[in-house]
Amino acid sequence: MNEIRIAMAKGRLASQAVKLFIEAGINISEKLLNSRKLIFKVLDENIEIILVKPADVPIYVEYGTADLGIVGKDTILEENRDLYEVLDLGFGKCRFALAGLPQQKKSLLQRKVATKYPDFTRRYFKSKGEPVEIIKLNGSIELAPLTGLADTILDIVQTGRTLKENGLVVYEEIKDLSARLIVNKVSMKTSQTEISKIIKALEKAVNGG
Ligand code: PRP
């Protein structure tokens with residue numbers, strides 16, 4: 001049996017990922033959520049979990065340093081890596097949307113778009129044939145239209161609360177997002193038995209056992 005290494009995104013998806021693994025019968029210690037340790041062995045299984053910044057999960061999986069990864073579809077779209085996306089894990093549901101100030105809607109000829117997702121944003125507007133200037137920010141994206149840095153944002157919207165509390169509105173919904181299971185292309189062949197077992201167990205847990 002080959003050991004399987006799983007790259008798990010740290011942050012808001014981690015606790016639900018741990019919960020899903022436990023439901024799938026893979027006994028990941030919940031201690032992992034409150035520890036500064038980055039590598040965890042799963043008891044009684046040939047599985048190792050590494051905790052990785054979300055944006056780095058697809059990199060670990062593409063290079064085969066991790067066989068599997070758990071990360072949001074937003075990051076998968078932004079990173080655009082060579083890997084398999086095999087399962088929608090059903091949590092971390094949100095969407096990509098364009099948003100901005102209400103009065104600016106429909107009057108945008110030359111847009112400045114602020115985002116944490118510059119590559120996805122570039123491809124999105126290119127596919128629509130719309131010229132835009134993209135401003136990459138690292139957080140608090142909603143500030144951009146409020147301060148005049150940009151007129152539009154492309155960001156994730158979950159509850160819509162951040163937009164609402166800052167007086168912004170959605171111009172356009174772009175894509176539904178959620179946490180996904182991704183697999184290295186070579187591992188899928190070389191560790192097929194082990195990986196299929198994990199995928200099946202997680203799939204069953206996602207569908208309610
Ligand atoms: C994300 C996103 C929005 C917010 C959306 O930011 O960039 O600001 O969550 O969630 P809501 O629709 O439920 O309000 P995050 O919390 O990751 O913080 P950041 O501003 O530091 O990126």
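Predicted model: local features only at pLDDT ≥ 70, side-chain atom pairs only at ≥ 80, totals over all residues.
**Entry 1: the ligand**

For Thr162, a polar side-chain atom lies 2.4 Å from a ligand oxygen atom. I then looked at Gly160. Here a backbone N or O atom lies 2.7 Å from an oxygen atom of the ligand.

**Entry 2: the domains**

Next I looked up how the protein chain is divided. The domain assignment gives domain 1 as 4-92 + 178-206. Domain 2 covers 94-176. So I noted domain 1 as two stretches of the chain, by an automatic or database assignment.

How far apart are the C-alpha centres of domain 1 and domain 2? I found 29 Å between them. Their contact takes 8 residues from domain 1 and 11 residues from domain 2.

**Entry 3: the interface**

I turned to the area buried between domain 1 and domain 2. This comes to about 860 Å². Carbon and sulfur atoms give 49% of that area. Which residues of domain 1 lose the most area to domain 2? I noted Asp74, Leu77 and Glu78, which together make up 60% of what that side buries.

I also looked for pairs across the interface. The rule finds 0 salt bridges between domain 1 and domain 2. The count of residue pairs in polar contact is 6.

Then I asked which element gives the most to the side of domain 1 that touches domain 2. Helix 3, residues 73-79, does, with 4 residues. I sorted the residues of that side by kind: 1 is nonpolar, 2 are polar and 5 are charged.

Technical notes: Residues numbered from 1 in each chain as written. Heavy atoms only, no water. Contact = heavy atoms within 4.5 Å. Buried area = accessible area lost by both parts, 1.4 Å probe. Salt bridge = Lys/Arg side-chain N within 4 Å of Asp/Glu carboxyl O. Polar contact = N/O pair within 3.5 Å; in protein donor to acceptor, adjacent residues only side chain to side chain. Helix = DSSP H or I, 4+ residues; strand = E, 2+ residues; numbered from the N terminus. Nonpolar A, V, L, I, M, F, W, Y, C, P; charged D, E, K, R; others polar.
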